[in-house]
Every structure is written in structure tokens, then in C-alpha cells.
Amino acid sequence: MKILTKWLRAYLPELPADDAQLAEDLTLRGIAVEGIYDLGAGNGSLYEMDITTNRVDAMNHYGIAREAAAIYGVQLKPLDVALPQAQAANTPFSVRIEAEDVCGRFTARVLRGIGIGDSRDWFPGAEVAVYFGLLEQKLISNAVDATNFAWLAMGHPTHAFDLDKIEGGIVVRRARKGEMLKTLDGMVRQLDPEDLVVADHARPLALAGVMGGWDSMITPETKNVLIEAAWFDPMAVRRTARRHGLHTDASHRFERGADFDAAPVASALVSRILLANGGWIEGELVDARVAAIEKRTAGRASVHLALSEVRRILGKTEDEEGITAGTVENVLTALGCHLAATGQAAKDQPAWQVTLPSWRLDIEREIDLIEEVARVYGYNRFANTLPEFGEGVRALPWAEAEVTVRRTLLAAGFHEAIGSTFCSAADAALTAPQPALVVPLGNPLSEEAGTLRPSLVPGMLAMIAGNLHRDVSDVHLFELGTVFSGTTEKVDERPAIAFGAAGSLPEQSPLHPERAIDFHDVKGVVEQVLARFHAQSVYFDSFPADAGIMPAWLHPYRAARVAAQGLSVGWFGQLHPREAAARKLKEAVLLGELYLDRLYKLPLRRPIAREISRFQPVRRDFSLVLEESIRWEKIDESLAGLRIPEMVEWRVREVFRDAKLGERTYSLLMGVTFQAPDRTLREEELQSFQERVVEAVGKAGARLRA
Amino acid sequence: MTNDAIPNLTAFDEAALDRAFASLAQQARDAAAALGTSEAIESFRLEWLGRRQGRLNEISSSWLKAAPPEAKKLLGQRFNALKKLVEDLLDQAAGGGPSDAALAAEAVDITLPGTRRLTGAEHPITRTLNEIVSVFAALGYSVGVGPEVETDYYNFESMNFPPGHPARDTQDTLVVANQERRLQRDRLLLRTHTSPVQMRTMESQPPPVRIVIPGKVHRNDAADATHSPIFHQVEGLCVDTKITFSDLKGTLDHAMKALFGSAVKTRFFPSFFPFTEPSADVQISCIFCGGKGCRKCKQSGWIELLGCGMVDPAVFAFAAGKQPAYDPKKISGFAFGMGVERIAMMKYGISEIGQFFAGDMRFLEQFV
């Protein structure tokens with residue numbers, strides 16, 4: 001909205017600030033000046049303003065002048081709306097409000113013998129030509145310009161009809177089925193029975209509060225004019241405007257709640273300007289009002305306000321005195337309130353009954369008045385204080401576990417990513433732990449984002465693919481996020497983590513060869529995550545491809561489930577080659593997902609230090625030959641079964657295949673470490689342990705390599 | 001070996017002791033100077049330090065025993081000095097190690113880059129969230145969380161969004177399918193702000209409340225350089241007796257200084273939010289130019305960063321339905337909210353909001 005400081009100053013003869021200062025002071029009070037343009041000597045500045053929708057009263061020059069008057073505590077000149085004596089009418093002009101629920105007031109003034117012509121600066125307070133020139137507002141004719149001038153001056157829309165085109169009188173009513181209206185924009189519109197119209201006794205003349213009609217508009221030949229200034233219901237105007245795809249200055253104002261008491265003022269302003277070019281008023285102003293609407297707008301009940309409440313909410317100011325009764329009275333009076341001290345108020349605890357201005361429908365409650373006091377006083381004049389310290393800080397029960405999981409992944413070289421909350425229905429079906437419990441959106445951003453993600457895997461795959469398709473070949477990502485399941489009636493949310501990798505290990509070396517990341521690398525990550533928690537049992541298993549248990553996105557022979565305390569905690573492995581092909585991924589992708597809600601049920605592992613033996617450990621290596629069908633787990637179990645306390649560690653050092661060993665067999669180098677806490681182990685003891693190891697693995701199906 | 005046998009000592013005065021030990025020290029030095037091979041070093045060690053026949057052992061057993069009690073201390077000091085000398089000589093001889101030529105053959109190119117076990121980077125949003133949360137934790141705020149799929153009641157109604165409020169339009173809100181036939185308040189949607197957690201927290205506990213709420217939110221916005229349908233907010237809520245607007249100002253002024261440096265200034269503008277009154281927008285002095293005006297702050301010297309205000313009594317009235325202690329006549333409070341992406345973009349010089357959600361390794365690895 002454009003505002004002229006020259007025009008503002010006409011209402012504020014004592015304004016002490018220059019245009020730049022005024023702009024800043026207004027802005028800091030929520031009346032935002034976005035740009036200031038110098039209009040040359042004597043013309044002041046043009047403000048480009050952004051007024052929030054709740055402050056429709058300030059979307060005009062007089063409203064902003066009122067704000068300035070309140071800020072600086074200077075006088076605001078009243079609008080001069082004195083009119084010449086009217087000539088008596090034979091019969092008063094007829095106005096009838098039929099739609100009493102949505103038209104609160106309709107004033108009509110008849111002007112006769114009007115000369116339609118060009119606008120000029122008619123009299124002080126009606127500098128139409130100068131102001132419109134500075135605003136670059138097109139001059140049309142004195143009648144149209146007068147209504148625009150009134151609107152720019154004090155914000156109330158009016159409309160001028162050619163009186164001789166009106167049959168009988170005015171009826172404000174809803175449109176009838178089948179009625180048509182040609183509006184000022186030249187469009188012929190089919191009216192809806194819900195549209196509010198200003199009609200005469202024969203047909204609709206205008207879309208009430210939105211746009212006038214073609215047939216009753218002012219023309220150069222017009223001699224007699226009817227000035228309409230009315231109050232229409234915000235919702236009714238909004239609906240009518242929307243229905244017809246219209247957004248006009250008038251509808252903008254009415255939609256946001258017009259000033260019930262402004263109609264006669266606006267009418268007088270327009271009439272004065274028109275009469276400056278000749279003509280006379282016929283009859284008194286016809287003023288039809290709906291009492292129920294007047295009561296809830298201009299006639300609202302006064303609001304109680306106590307200084308103690310002002311101070312309780314607002315606190316300390318930089319000025320030691322704080323907010324005083326004087327400040328409250330000055331600010332609210334300047335804004336148009338009337339304050340009456342209440343009888344019960346004690347001397348040191350002033351309180352008032354505050355009568356509210358008709359143009360401030362946004363003020364309804366005590367807190368609204370407190371806000372006005374703070375706003376006009378200036379937010380930045382309040383002190384910076386801190387509340388007294390309250391209670392201790394409580395951590396979320398899973399906060400530490402989440403930090404631990406994140407830290408483990410970061411340490412393993414995975415970058416944290418945040419992916420889309422949504423996925424396609426197809427991806428949801430592929431990755432949902434329970435495909436029947438997938439939640440679709442009602443108004444998705446796109447078809448590809450039509451479903452709340454039941455798993456982090458679709459997002460992870462999209463991000464991995466994004467990297468690989470951009471020739472970033474080494475990818476290590478994880479995402480901690482919410483996954484959704486349920487129905488459109490009830491949605492469950494669970495925390496999960498997904499991780500994915502492709503290319504080489506997260507290591508950069510100038511000398512050592514790169515190594516491609518593989519299944520056991522991601523298994524290692526899962527093991528490390530699990531190792532941070534205290535679980536009686538953690539195990540990995542897999543299921544036959546045709547059992548329908550393995551997730552369809554995983555390679556059936558390179559995937560595993562991880563379980564803790566008997567509950568599935570997640571899945572990981574290599575992406576199914578079918579899915580890789582569908583996503584045009586040539587590289588092997590390793591990925592997995594863990595259900596963190598289940599993991600967080602486990603306590604975090606609390607480290608407990610044990611004595612470190614001072615005695616020398618002894619490592620013995622065993623080279624075993626095994627059938628392909630015998631997996632490490634079996635050897636591992638057989639060694640655990642020995643229960644030799646001095647056998648402190650055993651692990652696989654190397655797995656290799658050699659044609660000389662025979663088909664369907666492989667070889668495994670196993671290192672076993674013996675150590676006692678209290679003595680150096682004797683050769684005979686070691687010999688005996690070694691024999692027991694060989695015997696145990698032998699029973700498990702391994703033989704020593706010759 | 002040319003070393004003399006250990007003589008018997010007859011005089012135990014200081015001069016005699018000095019002479020005897022000086023002679024032994026000289027013998028040790030001479031012998032050490034000639035040491036070359038590791039075998040020679042070993043035999044030198046045995047000669048002097050050997051447990052049974054070592055010369056030091058011999059001195060100890062013959063001289064020390066023979067010494068009168070008053071000379072024992074003097075002798076002991078000199079003995080220890082000699083022993084240290086022998087050990088040092090041994091160290092020197094042994095330290096000679098392999099020849100320089102042999103060592104040169106083992107040279108590495110120290111200018112080649114080091115081998116790096118790469119660690120992962122925390123996401124810049126997580127990092128920024130954590131920074132904000134820890135600033136408020138230091139002020140006594142606990143973390144509050146709530147669901148990402150919310151009801152209309154918590155997201156809008158209880159936050160005092162009147163029916164017909166533009167923010168309720170499906171244009172701005174992503175909704176779960178098939179909600180049309182449900183009561184307005186029960187309809188499920190993706191929360192458009194973290195504010196609903198204010199109500200959930202107040203319903204679950206009487207005042208005082210002091211929480212920060214970090215979280216993911218969604219809007220049905222077209223994506224561009226600064227808008228994303230997915231983004232994050234941190235919301236704050238402080239409710240108690242005697243909480244004032246000046247407390248809100250002081251709290252946010254402190255928090256902004258903690259986040260952006262103590263030179264940062266704040267200023268507050270009137271604004272409008274349905275769930276606060278009075279409401280304010282907060283600007284901080286431009287962190288790039290210090291307030292002088294630059295391209296980043298559009299020459300204004302200020303950057304708009306967050307919204308805040310005193311909790312609207314209507315919001316307390318909703319909470320009082322379950323927790324009567326939220327009586328707006330007895331308690332008061334403030335709330336604030338900030339967009340995490342915007343802060344992270346400023347802090348790290350990021351120009352496209354979409355980069356946060358693309359999972360691009362080249363973007364993410366910058367935050368290690």
C-alpha cells in the first residue's frame with residue numbers, strides 16, 4: 001500500500017519527526033514501512049507499506065496518522081465533513097435491508113445537479129489532483145475519484161450510482177436464481193443465490209462490497225448521484241468475491257471487517273468533493289441499520305483493564321518507572337478508546353472500563369489492550385530481564401541412546417542425511433514391515449510422495465542413487481528419523497535408523513589400495529551399534545528366500561536379520577539386484593534399517609573395568625578345512641562349549657578357498673588366545689587346551705589342514 | 001679387556017675416593033669409545049654391570065664392605081655416579097644403531113597425504129538444532145517432543161487458530177487421506193509447526209513449564225531456494241507465575257548472543273500469531289556486516305530470525321481443560337519459534353534449502 005507523508009502531515013500539524021524517523025517509529029510499532037521514496041521538494045515521501053491483515057484500520061492515511069499521533073502524543077486533526085444544508089425531498093429515498101444477517105448498515109445520500117468532469121484540488125483536505133499525481137493514481141472523473149479519495153483518506157469504500165438509473169429504491173438482498181449482472185469490469189455474471197447484491201426494485205445493481213454494476217455507473221451525462229456507504233459482513237463479501245474471482249479494494253476492506261461508524265463520514269467526504277463542482281443535497285442521509293450487527297461491532301461492551309494486569313504481563317521497562325497509568329491512558333485515548341476509571345480501583349491500583357473504537361474490531365479483550373499499550377509504548381523500550389530459574393532440566397528417556405547410536409555411525413564414517421518424509425505407494429509396499437498398514441496422504445506434493453514413509457529405506461535408496469548418478473562413487477549415509485504405520489484413522493510413529501553404503505570403505509590412503517565395502521562391513525556397523533546396548537542375547541539369522549520373511553528389497557543370500565532379546569531389531573545386507581536394476585544402480589549397494597524403538601528399550605551398556613592380566617598371553621593359530629555347509633557359527637559354538645576360562649579370545653583371521661583342498665570346501669585360519677589372570681601358562685597346559693580345541697572343532701566338522 | 005683389576009682400597013677419605021673413582025670412570029670411557037659391534041657392547045655391559053662378575057658388583061662388595069661407617073655415604077654417592085656413567089655410555093653405544101645409510105633406505109615421502117579413517121559428519125540441521133537446544137538447556141529448558149502427524153485440534157484449534165483461518169487451508173497443510181468425514185478436530189495432518197507440543201506438554205503437566213521443542217514440520221509449499229515442504233523448527237515455551245514480556249525479551253536477547261556472538265543486538269517488532277499476544281518478530285543485527293548494511297541483510301543491517309510472544313489467554317484456556325492450574329489470571333508465559341534451516345543457512349553460508357534433504361555426500365562431508 002502506498003502512503004504519502006504529505007497527506008499524513010495534513011492530519012498531523014505538530015508532527016515532530018522527519019519522514020525517515022516517522023518510518024522507523026511506525027515500523028517498530030508494527031505499521032511496517034518497507035520502502036521510502038523521496039518525491040522531491042515540498043512533496044514529502046512515498047511510503048511503501050505492508051500492513052498486517054488484522055490492522056485493516058491502518059490501511060489508509062488517516063489510520064496511519066492516528067498511529068503517529070499515538071506514538072508522538074500529538075494532536076490528530078478531525079476530518080472535516082461538514083456539509084451544506086440539504087434541500088428537502090418530497091419523499092425520502094427508499095432503502096431496505098432484506099439480508100439483515102450480512103448487511104449491517106446502508107446509508108444513501110442523494111445529490112442532484114452534479115457536474116461530472118475532471119478532478120482538481122477542490123479545497124484544503126481534498127487535494128485530489130496533487131495527491132493522485134504523487135501516488136500515480138489515474139484520474140478518472142470527479143465522481144469516481146471522490147470515492148477513491150475517501151477510500152485512500154480514511155479507508156471506507158463507497159459507491160456512486162447514477163440515480164436516474166435506479167428504479168424505485170435500494171434493496172440489499174441475496175441474488176435470485178438466474179439473475180444476471182454486468183459488473184464495472186464489463187463482465188456479465190451469472191449470480192449465485194448466495195451472492196449479496198445491492199438492487200433496485202427491478203434488478204441487481206452491484207455486487208455488494210465487491211464491485212458496482214455497469215448499467216448504473218456514473219457517465220459524463222450523469223446529473224444526479226446516489227452515494228452508497230455501507231457495512232457488509234466479512235464472510236459474505238469474501239465468499240461473493242471468491243465465487244466471482246474478484247479481489248477489489250472494496251472487498252479487501254470489507255473482508256477484513258470495516259468500521260461500522262465510518263459510513264456517514266465516508267459518505268460526507270465523497271459528497272463534499274462532488275458538491276465542490278456544483279449541485280445540491282436532496283433530503284437527509286438515509287441510514288438503515290441492523291441493530292444486532294451494530295451491537296457486535298460499534299456497540300461492543302467496554303472492556304475492563306487494570307494497571308496491575310498490564311504490569312504483570314509486560315514486566316519491566318528500561319525506564320525504572322515502568323508502565324504507568326498515564327502511559328496507559330495516553331496510548332489508548334490516542335488510539336480512539338474512551339477510558340473511565342472504575343469505582344473499585346484503589347489509588348495505587350488504577351483500573352478502567354475501556355470503550356473500544358468502532359474501527360478496531362481486532363480489540364476485544366483485556367490482553368488486546370495490553371498489547372496495544374506495549375506496541376505503542378515501543379517493544380524495544382522494555383528491559384531485558386530473565387525469569388527466575390525454574391526446575392531442573394529433564395532429559396528425554398531415549399536421548400542418550402539416540403546420541404550413542406548417532407555417534408557410532410559417525411565414527412564408522414557414515415554421514416548423517418535427512419531424507420523425504422514421503423515415498424511412492426510402490427516403495428511403501430516394497431519396504432513396509434506391514435504392507436497393509438501404510439498411510440496415504442490426501443493432498444500429496446506429488447504422486448511420488450503420496451505416502452507417509454513406512455521405512456527409511458526408500459529415502460536412503462533415493463539418496464544413494466542420487467550420489468551414484470552424479471558420479472559420487474563412495475557413499476556412506478545414515479538417517480535417523482520417524483517411520484509411520486497404521487491407518488488413516490490412527491497413525492503410529494516410531495524412530496528408526498537406516499544406513500546405506502556403496503563403493504569403498506570410508507578410508508583415504510595414498511598408498512594402500514581401496515577396498516570395496518561389503519556385507520561384513522555393514523554387519524560390523526550393526527554389531528557396533530548393538531554393542532552399545534546391554535542385551536542378554538543378540539543374534540543374526542536369515543531365512544530361506546521362499547519363506548516370505550526376508551524383506552523383498554534385500555538380496556536373499558546376502559542379508560540378515562538382527563535380533564536382540566528375541567525381538568527383531570532390524571535387517572541389513574545387499575540391495576536385491578532386481579531393485580538395483582530398477583533404480584539403474586550398477587554398483588553393489590549395502591544397506592539396512594534398525595527399529596530404534598526396540599533398541600531403546602534395552603539399557604545402554606555401562607562399562608565395567610576388569611583387571612588386566614599381567615601374565616603373557618599365548619596365541620595359537622589353527623588352519624581348518626571345512627565343508628561349505630559348515631558355517632562359522634558352528635565352530636564358534638563348539639569353542640564356546642569348551643568353557644576353558646584361560647581361552648580368552650578366538651577369532652577368524654582369514655577365510656580362503658583353494659582348489660587343492662577339494663570342491664565345496666574352504667579353509668579358515670583361526671587364532672585362539674590363552675591367558676591366565678594369575679600365572680604364566682605352562683607348556684603342558686597349552687598342549688592340553690590345544691588338543692581340546694582340535695577335538696571340539698573336529699566334532700563340529702572341521703579338520704586341521706595338513 | 002685392558003681394564004685393571006679392582007684394586008683394594010685402603011684410604012677412605014674424599015680425595016682417595018675421588019682418585020679411585022676417576023680412574024675407574026676413565027677406564028669405562030676408554031672402553032666404551034672402542035665399542036662397535038653389538039657383541040662388544042654386550043660384553044662391555046657384562047664386564048661392568050654383570051650380576052656376578054661385573055666390576056661394579058665387585059666394587060660394591062669389596063670397597064663398600066671395607067669402608068668405615070662414616071665413609072659409606074661418600075662412597076655410595078660416587079658409586080652411584082659411576083654406575084650412571086656406565087649406563088649412559090651403554091645407551092650411547094647402543095643408540096648408535098644401524099648406519100645412516102641403512103636408515104636412509106627406509107625414507108618415506110612425508111609430503112604424501114596421511115591415511116585417513118574418515119569419520120562421518122553430523123547433519124548441519126542436527127548440529128544447529130543441538131546448538132539451539134543446548135543454549136536453552138543452560139537456561140533450564142528441557143526438551144519436549146510430539147508426533148509429526150497431528151490432529152487439527154493440537155495443530156490449529158488449541159493454538160487459537162479460528163475456523164476459516166487461512167493457515168488451515170489445505171493449500172498450506174499436508175493432510176492424511178480420507179479425513180473429510182471426521183470431526184474437524186480429529187482430522188489428521190502433518191504438523192505445520194512444532195507449536196502443538198506446547199499444548200501436549202501443558203496437558204501433561206501443571207506449571208511451571210520450560211521446554212524447547214525441536215522437530216520436523218511440513219507444509220504444502222512449492223520448493224524453491226528458500227522454501228521446502230520439509231523443514232525444522234525449534235519452539236520454546238516458558239510458563240510460570242510472574243513470567244513477563246521483558247523476560248521474553250531478555251531470554252531471546254541472551255539466546256541470540258549465545259548463538260551468534262555477544263556483539264549481536266536484538267530488536268522486537270509487533271507481529272501477529274494466533275497463539276500469542278502480544279506477539280513479536282525478532283531481528284538480530286546482521287551477523288555478516290555487524291549492522292552496517294550488506295547484501296545479506298538487504299542493506300538494512302538487520303536480519304529477521306524468529307517469532308515470539310506472550311502465550312494468549314485463549315491457549316491457556318484450552319490447556320486448563322485438562323490442567324486447571326493454567327489459569328491465565330494466575331500464570332503467564334511466553335513462547336517463541338524459529339526456523340532451523342534459515343539459521344543453518346546463515347551460519348554455514350548455504351544458498352539452497354534443498355541441499356539439506358538431498359543426501360549429497362559432497363555437501364554433507366563439508367560438515368565433518
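This is a predicted model: local features need pLDDT of at least 70, side-chain atom pairs count only at pLDDT 80 or more; totals for chains, interfaces and linings use all residues.
In chain A, four strands form an open sheet in the order β28-β29-β27-β30, and their pairing is antiparallel.

- Strands of a sheet are held in pairs through backbone hydrogen bonds, and the pairing may be either parallel or antiparallel.
- Between β28(A) and strand β29 (residues 665-674) of chain A there are eight bridges, and these two strands run antiparallel.
- One position to look for in this pair is E654(A), whose bridge partner in β29(A) is L669(A).
- Helix α20 (residues 683-699) of chain A lies across β27 (618-627), β28, β29 and β30 of chain A, and the helix runs at about 20° to β27(A).

- On the side of α2(A), the contact is made by L22(A), D25(A) and L26(A), while α3(A) contributes I64(A), E67(A), A68(A) and I71(A).
- Sorted by class, this contact of α2(A) with α3(A) consists of five nonpolar and two charged residues, with no polar ones.

**Chain A as a whole**

- The secondary structure of chain A comprises 20 helices and 30 strands.
- The radius of gyration of chain A is 41 Å, whereas a compact globule of 706 residues would have one near 27 Å.
- The C-alpha trace of chain A spans about 135 × 65 × 50 Å along its principal axes.
- Of the 706 residues in chain A, 41% are buried.
- Among the contacts in chain A with a separation of 6 or more, 70% are between residues 24 or more positions apart.

**Where chain A meets chain B**

- At the interface, 68 residues of chain A are in contact with 71 residues of chain B.
- Helix α9 (residues 245-260) of chain B supplies eight residues, the largest share of the side of chain B that touches chain A.
- That side of chain B is made up of 35 nonpolar, 20 polar and 16 charged residues.
- Strand β22 (residues 507-508) of chain A pairs with strand β1 (residues 116-117) of chain B in the antiparallel sense, over two bridges.
- Within this pairing, Q508(A) has R116(B) as its bridge partner in β1(B).

Conventions
Residues are numbered from 1 along each chain as its sequence is written. Chains are lettered from A and ligands numbered from 1 in the order in which they are written. Two residues are in contact if their C-beta atoms, placed from the backbone, lie within 7 Å. Ala, Val, Leu, Ile, Met, Phe, Trp, Tyr, Cys and Pro count as nonpolar, Asp, Glu, Lys and Arg as charged, and the others, Gly among them, as polar. Two strands pair if DSSP finds at least two bridges between them. The radius of gyration is taken over C-alpha atoms; the globule rule is 2.2 Å times the number of residues to the power 0.38. A residue is buried if 20 or more other C-beta atoms lie within 10 Å of its own, exposed if 12 or fewer, and partly exposed in between; C-beta atoms are placed from the backbone. Axes are lines fitted to C-alpha atoms, for helices over the stretch in contact, and angles run from 0 to 180 degrees between N-to-C directions.
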